[in-house]
Amino acid sequence: MEHTFWIWYPGDFELYHAMKQNFSRVERGFGWPAFWKSEGFRNRVAFRRTYELEQETSFTVFSNAIGHVLVTRENGEKKYPFGKKITVAPGKVRISIHAGCVEAFPCAYVQGEVIHSDKTWKAEDYSQPLVPVGVCKYFTKPGQNPTVWEYTEKECKPVKISEINGGVLAEFETELTAAVYVKSKRSNCVDSTSEDEDLEVFCGESEDEALDLEHCYYSWQPNPVTNRCPCCAVRFAFIPNCKAEDVEITAFYQYVDFPKRASFKCNDEKLNKIWEVAEHTFRLCSGIFFLDGVKRDKWIWSGDAYQSFFVNQYLLADPDIDQRTLLALRGNDPMTRHINTIMDYSLFWILGVLYHYEAYGDLEFVRQVYPKMCSLMEFCEGQLDENGFLVGRENDWIYIDWADMDKTGALCAEQMLFAACWQTMAKVSAALGEEKPEYMEKYEKLIGQIRKFYWDQEKGAFINSFESGKRNVTRHANIFAILFHIATQEEQEKILANVIKNNAIPAFTTPYFNFFELDMLCQTGNLEFVLNKIRNYWGGMLDRGAVTFWEEFDPEAPVETQYDMYGDRFGKSLCHAWGASPIYLLGKYYLGVRPVKPGYEEFSITPTLGGLEWMDGTVPAPQGDIRVYMDAGRIKVTAGTGRGYVYISSASLPEASRGTVETLGEGRYRLWVDTKDEVMITYTPN
């Protein structure tokens, strides 16, 4: 049946698969499960639906659990086993599926012409009221098993095989998440021995790693039946003690096949390459959930996911992976520890829900998680100091960034995130029709305290912490002050001069906080500066041979230690989701596409070359893609969704192939776009 799904208690699918994901990390022969609380899925649930049948119909229930089907009518009820065809007469009938499973979350599939499992069914866990069931668009057939995710697979041959260090090195075109297949050819020889079959495969993100048998993260012995190694991050595979003619090597790339919708091209070939590598980086890190990286850690981190939500909007535009990631991260109530044990990561989760809603207009999902937003904020309010600031408790991790900064007492950057969360709560409650003025009252009060305790008039900047007396200034809090519209216009100008454009303030070496800084600089109109930073920072990784973008990059670091991190040889992730942020920056600020109303019901396009000669790109929107072309005299727009408007800066009145251009003053104009046909605008650069 069309729109028939496997169903489960909402969130259980995500919690189960998140546990499997967070327990999948392997390093140098040992397992490393994530160090935070593993949220449990429900073992005992019921699924219910009432029908008014006009005629007799039949259905069959399939499940991974033990249990039964209860058919209830006015004249009584009857139980049936799973897997048996059930026929019911016309009239009112209530179907209840009772399911229990020890090993995994209980789920069910109802197959029938009229009675079938879809989003209209309700679930209960015998402790809470009925709630809408959980579903996934990838599980719609009765023969599937929702506890097993089936990845798309593609065979990839090495682009180069060489003999080195007494063994064979296979190089693949780019980094992959793949099961390396290695089959010995020596078994066909008369003089082969069992020792010949003891092959060991060392998989590395870099050639250096694959050849370093002591420090390589992944070493496997192929499965004797399938000849495959476990799926892992690999670009190079090294097999010691053999020759090229002794082995057959290939890789089976495993991935979620998200459709290709977004694009970006311009006159700058390096920028084009950066966009392409960012896309591949992000796709590798996007599976069931957004992961931090594909080698280390392969965990679901809230800070990494927050930035992934931004990139997703401008690349995949897949709301489901947002939902799965948010549900997996938050877990169940009650809150006992911060998400990933990191205080700022709890706050990013709150902010991520709003961003998801603005991108996709997904009010149903927001309604589902709103109670968990409330309980998380209540949890945070339980750890305020006498000044109303959010402070860490014992064993809380105050992260913000890998940087040398004063984290004594209440940290300014944390308070700014906390303030942004109160503003988010106000917006979300209003969207749900539950106006709560106390949220904005708490926001305003906290902003006043932040300005009182952290703004340093002499330094013209926000300090990190006041408790230590050091009054240390870094970029972090000052970026948040502008990014979340906390700083006044006068304070913004001082921050830009005294902090952001001050070379005495240490620059970031991670794409993580470069994302926040460049987002803020784009907001403040520094688009040419941002393009140069992207060329130099992300382009610098390409110059070092990167085929995916790294967790951290210091242009001053020597080549021989460029893969080191955390005091660990090859500890740096060379494929990290937060390295893909140029996709977001180019889509939002250069192509200039952004939603004005949730889900692109209304949108704006403000294309800006920012020093480019021309650009041509596509931004995926929920109901249709938006394409923008711009050069130094023309703008072409094709919008496949909603109704929007193009903002144009021009020295004279622009001309459009359709519609009326409005004059806004000061060389700015606007044209409404509500057609799928291409609109051509000619303008005169200022």
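Here are legends for a handful of close-up views of this predicted model.

Residues are numbered from 1 along each chain as its sequence is written. Because the model is predicted, local features need pLDDT of at least 70 and side-chain atom pairs count only at pLDDT 80 or more, while totals for chains, interfaces and linings use all residues; side-chain values use heavy atoms, with hydrogens and water left out.

**View 1. Thr341 sits in a loop between two helices.** The loop runs between helix H5 (319-330) and helix H6 (343-360); helices here are DSSP runs of H or I with at least four residues, strands are E runs of at least two, and both are numbered from the N terminus. With a relative accessible area of 8%, Thr341 is buried (buried is under 20%, exposed is over 50%, partly exposed is in between, using a 1.4 Å probe and protein chains only). Setting aside neighbours within four places in sequence, Thr341 is in contact with Phe35, Trp36, Asn395, Asp396 and Trp397 (contact means heavy atoms within 4.5 Å).

**View 2. Phe35 lies in the loop between strand E3 (30-31) and strand E4 (44-53).** At 44% relative accessibility, Phe35 is partly exposed. Phe35 is also one of the residues that Thr341 contacts.

**View 3. Strand E20 (residues 263-266) has two faces.** E20 pairs with strand E25 (residues 614-619) in the antiparallel sense, over four bridges (a pair needs at least two DSSP bridges). Look across from Phe264 and you'll find Gly617 in E25.

**View 4. Four strands make an open sheet, in the order E1-E10-E5-E8.** The pairing is antiparallel. Strand E1 (7-8) and strand E8 (85-88) stand at the edges with a single partner strand each, so one side of each has no neighbour in the sheet. E1 is joined to strand E10 (residues 107-112) by two bridges, and Ile7 stands opposite Ala108 in E10.

**View 5. Asn686 belongs to the segment after strand E32 (679-682).** This residue is exposed, with a relative accessible area of 68%. Not counting residues up to four places away in sequence, Asn686 touches Ser649, Ser650, Ala651 and Gly667. A polar atom of the Asn686 side chain lies 3.0 Å from the backbone nitrogen of Ala651. Zoom out to Thr57, 629 residues away along the chain, and the two C-alpha atoms are separated by 70 Å.

Key:
A polar contact is a pair of N or O atoms within 3.5 Å; within protein, one must be able to donate a hydrogen and the other to accept it, and residues adjacent in sequence count only if both atoms are side-chain atoms.
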